[in-house]
Amino acid sequence: MSSFGGSSLPPQYAQVLVVGGGPAGAYAAAALAREGIDVTLLEASKFPRYHIGESLIPSVRRYLRFIGAEEKLVNYGFTSKPGSAIKFNQFKREGYTDFLAMGHQNNAWNVIRSEFDQMLLNHARSCGVAVYEKTRVDSIEFSPLDSTRPVSVTWSHTPPPRPLSPPASPIGRFSRLFRRAPSPEPSLVDKDNECIKGSTTFTHIIDATGRAGILSSRYLKNRHFNASLKNIAVWGYWRNVAKYAVETNRQGAPWFEALTDESGWAWFIPLHNGTTSIGIVMNEKVYKSGGSSSLAPSPFPESATPNPGGSHLVARYISSIGLAPGVVKLITQSGVMDEGSVKSASDFSYSADSYAGEGYRIVGDAGAFIDPFFSSGVHLAMTSALSAAATICASLRHHCTESEAALWHTRRVSTSYTRFQIVVLSAYKQIRSQSEEVLADVDEDNYDRAFTLLRPVIQGASEMGARLSETELQKSLDFCINLFTPTIPDEHERVIRSSPICAELMDVGTPLLHPSVLESALTLVESSSPLKTDDVKELDSDADSDEEEGFAETRVVLEKINARRVVHAEYSINNLEIEYLEGLAVVLEQGKLGLRKKGSSV
């Protein structure tokens, strides 16, 4: 490792070079370093740096456990997230997904991403990763023998500011008695704060450059934008607001709500520093069609929403919050928006046909992005990061060929992406109260791998066509909509206590069930009600009504649990061990990380 002016510079060679220090890059680097692999990570920014995406899902705990970082997250002090509340219909109550129903340690967290990301990057350092911040990758060079294989990068490193020089010694009659130090030799940099340029070769490179996606967007040019999910997000930070479900086991849960004009949704996420992240996600066309003249009045006192510069972005944001009555109620009249905190970003969904090749892997947002709804971003970052680490280890340890390892990574990323994509599309179908053609945005092969068990459920095997159709895809969305049915934990508990439903039907971890199985169970519930004489029925009409409500409640709960099974496997890191793709699954053991072929131990 060389140095200049006290600033360490990246090495000329790294066994694995990770570009990007966000959750995907830091996770992949840490996992590889714990396997004894030489890892160098280049990050363009200086951490901590701001980032949106503050709501996590429970899988993060299991992923961090594998790299030895779980306790750091648990003890950090982030706001515990026991579940999430979602309100799609203003005329119905909200639904609630209870994470703690799966165990008292199944909570997630709401995090300030600058702190969460720095925690992960520092953990990567502690695992032995050589981290170089303020080091931007300018270009990637490919092998002259194989134009598809990257072999080196050129980078620009900005060293920290140099200390101020002391004043020059005065020239006097005693100066000749002292020997003056020679001027420094000419070097790579001769001006303060200019970049130092260099290059690094590698055996493997992991692109974790976020939405910039240097490999996909600049070199492979294989990024595909999904027409059905082109949104704009605008958000800011508030203080002195209320909390959802205070003094219940749901306190701290984020609130998500469909906008009343059906153009998008809003989020309300409490954070541990006393602020609450409040954002609006709106269809791009609807957002751009709204001018300043059409803005609805602000639902808040002017003093609560400082906008001294008269920013249209801020005014539009404040007006749009009025489309989410539940959020307005949570903000209350005492809520105050932090001045200057409003930001915006394009939330365009995209994916690619490949996320790996000879000598490279693409992870996190560098490869694919769905939507902030369902809080899948960090989960998919860690899934793809662990996949990258496992497939690189598999190649280096000769568990399989490099081409087989690269193909497995693409299949893993695509399968996980498609599962969440279908669920998110089903949510938007309900938010917008209409069907939009989405077939062009969903890869059929990825759908087949992601929903092997779903196709026969939504269509009888005899009816299932050879090709995925728009009709079948819409049926998939309709099935997944049940995942967002407005139920609360009390209803699930009542079904368990008062109906003859077996425990397996209430277990989200069991395999997806065909609707006929659910109907049989519901028939059993109905038939278990005691028969009554005509006289008793007349006297007991209220009880009959209660039974009907109980029967309807049981149906809703069972259908919701069955829909949750569609993505539940994604929440478990062990799914990588048991779900074989291309005949391979992950060996999820520290020191032996890699892939194994079906039927073999390694």
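Buried here means under 20% relative accessible area, exposed means over 50%, and partly exposed covers what falls in between, with a 1.4 Å probe and protein chains only. By that definition Glu570 is buried, at a relative accessible area of 2%. I will come back to that residue.

First, the ground rules. This is a predicted model, in which local features need pLDDT of at least 70 and side-chain atom pairs count only at pLDDT 80 or more, while totals for chains, interfaces and linings use all residues. Residues are numbered from 1 along each chain as its sequence is written, and side-chain values use heavy atoms, with hydrogens and water left out.

On to salt bridges. The term stands for a side-chain nitrogen of Lys or Arg within 4 Å of a carboxyl oxygen of Asp or Glu. Side chains of opposite charge can pair when their charged atoms come close. The whole structure contains 24 salt bridges, and I will go through some of them.

Glu570 pairs with Arg419, and the closest N and O atoms are 2.8 Å apart. Arg419 sits in helix α10 and Glu570 in the loop between α17 (541-568) and α18 (575-578), so this pair ties together parts that are 151 residues apart in sequence. Helices, by the way, are DSSP runs of H or I with at least four residues, strands are runs of E with at least two, and both are numbered from the N terminus. Arg419 is also buried, with a relative accessible area of 7%. Both residues belong to a network of salt bridges that links Arg412, Arg419, Glu570 and Glu579.

The next pair is Arg93 and Glu491, with 2.1 Å between the closest N and O atoms. This one links distant parts of the chain: Arg93 is in the loop between β6 (83-87) and β7 (95-98), and Glu491 is in helix α14 (residues 489-498), 398 residues apart. Arg93 counts as partly exposed at 39% relative accessibility, whereas Glu491 is buried at 9%.

Helix α14 supplies another partner. Arg494 forms a salt bridge with Glu553, the closest N and O atoms being 2.6 Å apart. Glu553 lies in helix α17 and Arg494 in helix α14, so parts that are 59 residues apart in sequence are tied together. Glu553 is buried, with a relative accessible area of 17%, and Arg494 is partly exposed at 34%.

Now helix packing. Axes are lines fitted to C-alpha atoms, for helices over the stretch in contact, and angles run from 0 to 180 degrees between N-to-C directions. How do α10 and α13 cross? The axes of helix α10 (residues 402-431) and helix α13 (residues 470-481) come within 8 Å and cross at roughly 80°. That makes α10 roughly perpendicular to α13; the classes are roughly parallel under 35 degrees, roughly antiparallel over 145, roughly perpendicular from 65 to 115, and oblique for the rest. Contact means heavy atoms within 4.5 Å. On the α10 side the contact involves Ile422, Val423, Leu425, Ser426, Lys429 and Gln430, which meet Leu473, Gln474, Ser476, Leu477, Asp478, Cys480 and Ile481 of α13. By class these are seven nonpolar, four polar and two charged residues. Ala, Val, Leu, Ile, Met, Phe, Trp, Tyr, Cys and Pro count as nonpolar, Asp, Glu, Lys and Arg as charged, and the others, Gly among them, as polar.

The contact uses Ser59, Val60, Tyr63, Leu64 and Phe66 of α2, and His379, Met382, Thr383 and Leu386 of α9. It has six nonpolar, three polar and no charged residues.

Both of these helices also pack against the buried residues of α1, as do β3 (13-19), β4 (39-42), α4 (113-126) and β12. In helix α1 (residues 23-33), 11 of its 11 residues are buried.

Last, a loop residue. Leaving out residues up to four places away in sequence, Tyr244 touches Ala85, Glu94, Tyr96, Arg250, Gln251, Gly252, Ala253, Trp255 and Leu330. Pro254 is 10 residues from Tyr244 in sequence, and their C-alpha atoms are 7.4 Å apart.
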